[in-house]
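This briefing sets out the architecture of the structure shown below. It is arranged by topic for reading alongside the coordinates.

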Amino acid sequence: MTAPLSVRPRALAQVGALSRRAVVGLLREFPLLLPGILFPLVFVAINAGSFTKSLPLLRACCYPELDSFVTFTLASSVVQGVLFGSVQGATGLATDIEQGFFERMLASPVNRTAILVSRLAGAAFLGALQALLFAVVLTIFGARVAAGAAGYAVLIVSGALIALGFGALLAAMAIKTGSAEAVQSTFPLAFVLLFASSAFFPRETMTGWFRTLADWNPLSHITEGLRDLVIDGWSWSAALNALDLPLAVTAVGIVLALVALRRRLAAS
Amino acid sequence: MSAPVRASAPGGRTLAVAWALVLRNLVAIRRLPSALVPSLVFPVFGTIAFASVYGAAIRQYYPDLPRLNWYVPLNVLQGAAFGSVFLAFGAIRDFQTGIFDRLLAAPTRRTAILVGFVLTAMVRSLLPLVLVVAIGAVGGMSLPGGALSLVLLLVATLMVAVIGVCWGVGLAFRFKSMAAAPLMQVGVFVLVFLSESQVPEAGLSGWLKWVSAVNPATQVLRLGRQGFLHEITWAETWPGLVAFLGLFALSAGFAARGLRKLVP
């Protein structure tokens with residue numbers, strides 16, 4: 001005879017178990033993560049070959065201490081890779097909905113919020129891992145983080161927060177639409193958001209309405225915070241820049257995702 | 001007694017069949033805006049974004065020219081290349097829906113199928129050409145090479161469309177599934193970006209400078225772009241034509257061999 005289900009497992013334990021499932025699920029589909037890892041690295045290689053001779057321009061406008069273009073692109077590679085990775089994370093949630101696993105979870109005695117939080121925790125873990133990978137690979141290829149170990153730590157934490165924030169926004173979309181294709185279709189939007197920022201070249205070199213767009217784009221400020229740590233060294237203001245906006249996006253994203261979850265629960 | 005079967009059925013003439021396939025492919029493109037729109041939006045966005053983001057770097061080499069002069073030809077050619085690859089996605093859909101098998105069973109030369117795709121790609125490549133050049137004109141692009149600049153850009157666009165579609169359908173004939181889609185796009189990406197796509201030869205450094213020098217796409221790009229940078233010269237024209245012939249021989253051979261393998 002089986003024991004009666006007297007006590008529901010605690011929410012934290014559920015989050016832990018489901019987070020593990022989310023991470024394992026993402027790692028099992030590693031080929032799907034490859035574009036988010038390889039594309040930024042290929043982009044760095046091509047841009048370094050194209051713009052290394054433009055270093056005097058970058059030194060004159062904004063970074064007098066800049067020693068190589070690979071150093072300049074370290075921050076943008078982290079932002080780019082993590083952003084692309086978060087699309088993949090949210091696609092996993094949409095796939096769960098499509099395949100009926102989400103409904104089975106709802107039918108089980110699992111804390112509703114744990115289902116969402118675990119997915120986001122998985123995305124954050126993956127974001128941190130990607131940030132670490134880019135930092136290590138580009139350091140091997142000559143990038144130098146002037147802020148030292150603290151700079152690397154902020155890069156990794158910021159990577160996790162970016163994945164968490166944008167992952168939460170996309171999770172809201174996944175829960176609302178229940179379609180992996182709809183989530184995947186945001187990939188070009190991520191690309192546009194990146195290009196309309198200072199991720200690839202400083203804002204100071206841009207002009208007109210595109211400059212205004214880059215000024216308002218949160219990715220510009222996140223990238224510049226990280227880039228200041230990488231090129232100029234440690235400063236609290238740069239660290240804050242690299243962390244506060246991802247935190248704000250996370251807060252908004254989680255609220256939207258929870259609202260979407262509540263609506264879905266009410267509808268079912 | 002029935003009439004003897006003729007070697008070539010009246011409806012089976014290569015060009016007539018190819019043209020019928022062009023019309024069919026164009027209708028399919030029009031009916032699937034979700035596939036068409038991104039391939040038009042991206043060259044336009046690319047032109048604006050590249051000119052705005054990297055324009056300052058180009059100004060170092062061409063201080064008197066508008067930033068758009070460097071990026072309009074690049075994005076036209078990139079749009080033609082990716083558009084042709086998207087056309088190959090249509091070939092994969094045809095495999096999955098069984099239409100391709102019916103085409104193969106039809107009493108016509110197989111070459112007509114390939115020619116049909118090539119002609120469609122050439123017609124389709126005019127869309128990004130017109131759109132991006134119009135955006136460039138509105139944005140203040142100039143033509144130091146005169147009206148012939150646009151003619152050469154058209155020639156280069158058609159060349160890229162032919163090479164792109166041969167590469168795309170060559171893979172489609174072999175894989176017959178969307179699994180080939182990333183490979184199609186990576187091939188185009190590599191060919192376009194490992195060239196003088198973002199900065200001129202003087203701005204390239206390291207391994208990219210060497211790869212760009214041997215990449216035939218560099219010569220095709222120079223052919224199409226020269227009129228936007230300076231007077232048109234034969235010295236920048238003939239290497240582009242030779243590079244095209246080489247790439248055409250390789251990609252058309254690749255596609256033709258793939259098509260031949262389809263027929264038992």
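The model is predicted. Chain A holds twelve helices and zero strands, and chain B holds eleven helices and zero strands. The contact between them takes 17 residues from chain A and 20 residues from chain B.

**Confidence in chain A**

- The mean pLDDT of chain A is 86, and 96% of the residues score at least 70.
- Among the elements of chain A, helix H11 (residues 218-232) has the highest mean pLDDT, 95, while helix H8 (residues 180-184) has the lowest, 76.
- Residues 1-7 of chain A have a pLDDT below 50; in the model this stretch makes one contact beyond near neighbours in sequence.

**Overall form of chain A**

- From the N terminus, the elements of chain A follow the order α-α-α-α-α-α-α-α-α-α-α-α.
- The C-alpha trace of chain A spans about 75 × 35 × 35 Å along its principal axes.
- Of the 268 residues in chain A, 47% are buried.
- Considering contacts in chain A between residues at least 6 apart in sequence, 83% join residues at least 24 apart.

**Overall form of chain B**

- Along the sequence, chain B shows the pattern α-α-α-α-α-α-α-α-α-α-α.
- Chain B has a radius of gyration of 20 Å, close to the 18 Å given by the globule rule for 264 residues, so chain B is as compact as a globular protein of that length.
- Along its principal axes, the C-alpha trace of chain B spans about 80 × 35 × 35 Å.
- Buried residues account for 46% of the 264 residues in chain B.
- Of the contacts in chain B between residues at least 6 apart in sequence, 84% link residues at least 24 apart.

- Helix H11 of chain B (residues 238-262) has 25 residues, and the distance from its first C-alpha to its last is 36 Å, close to the 36 Å expected at 1.5 Å a residue.
- The buried residues in H11(B) are B:Gly240, B:Ala243, B:Phe244, B:Leu247, B:Ser251, B:Ala255 and B:Leu259.
- Helices H5 (111-124), H7 (148-175) and H10 (216-229) of chain B are among the elements that cover these buried residues of H11(B).
- Helix H8 of chain B (residues 181-193) has 13 residues and should span 18 Å at 1.5 Å a residue, which agrees with the 18 Å between its end C-alpha atoms.
- In H8(B), the buried residues are B:Met184, B:Val188, B:Leu191, B:Val192 and B:Phe193.

**Nonpolar core**

- The largest nonpolar core has 155 residues, and those touching the most other members are A:Ala171, B:Ala88, B:Val165 and B:Val169.
- Apart from its neighbours within four places in sequence, A:Ala171 contacts A:Ala90, A:Leu93, A:Leu116, A:Arg119, A:Leu120 and A:Ala257.

**Contact between the chains**

- Chain B contributes 20 residues to the contact and chain A contributes 17 residues.
- On the side of chain B that touches chain A, helix H2 (33-59) and helix H9 (206-214) of chain B each supply at least two residues.
- H2(B) gives the most to this side of chain B, with nine residues.
- The residues on this side of chain B comprise 13 nonpolar, six polar and one charged.

Key. Residues are numbered from 1 along each chain as its sequence is written. Chains are lettered from A and ligands numbered from 1 in the order in which they are written. This is a predicted model: local features need pLDDT of at least 70, side-chain atom pairs count only at pLDDT 80 or more; totals for chains, interfaces and linings use all residues. Two residues are in contact if their C-beta atoms, placed from the backbone, lie within 7 Å. Helices (H or I, at least four residues) and strands (E, at least two) are DSSP runs, numbered from the N terminus. Ala, Val, Leu, Ile, Met, Phe, Trp, Tyr, Cys and Pro count as nonpolar, Asp, Glu, Lys and Arg as charged, and the others, Gly among them, as polar. A nonpolar core is a set of buried Ala, Val, Leu, Ile, Met, Phe, Trp, Tyr and Cys residues joined through C-beta atoms within 7 Å. A residue is buried if 20 or more other C-beta atoms lie within 10 Å of its own, exposed if 12 or fewer, and partly exposed in between; C-beta atoms are placed from the backbone. The expected span of a helix is 1.5 Å times one less than its number of residues. The radius of gyration is taken over C-alpha atoms; the globule rule is 2.2 Å times the number of residues to the power 0.38. pLDDT is the predictor's confidence in each residue, from 0 to 100.
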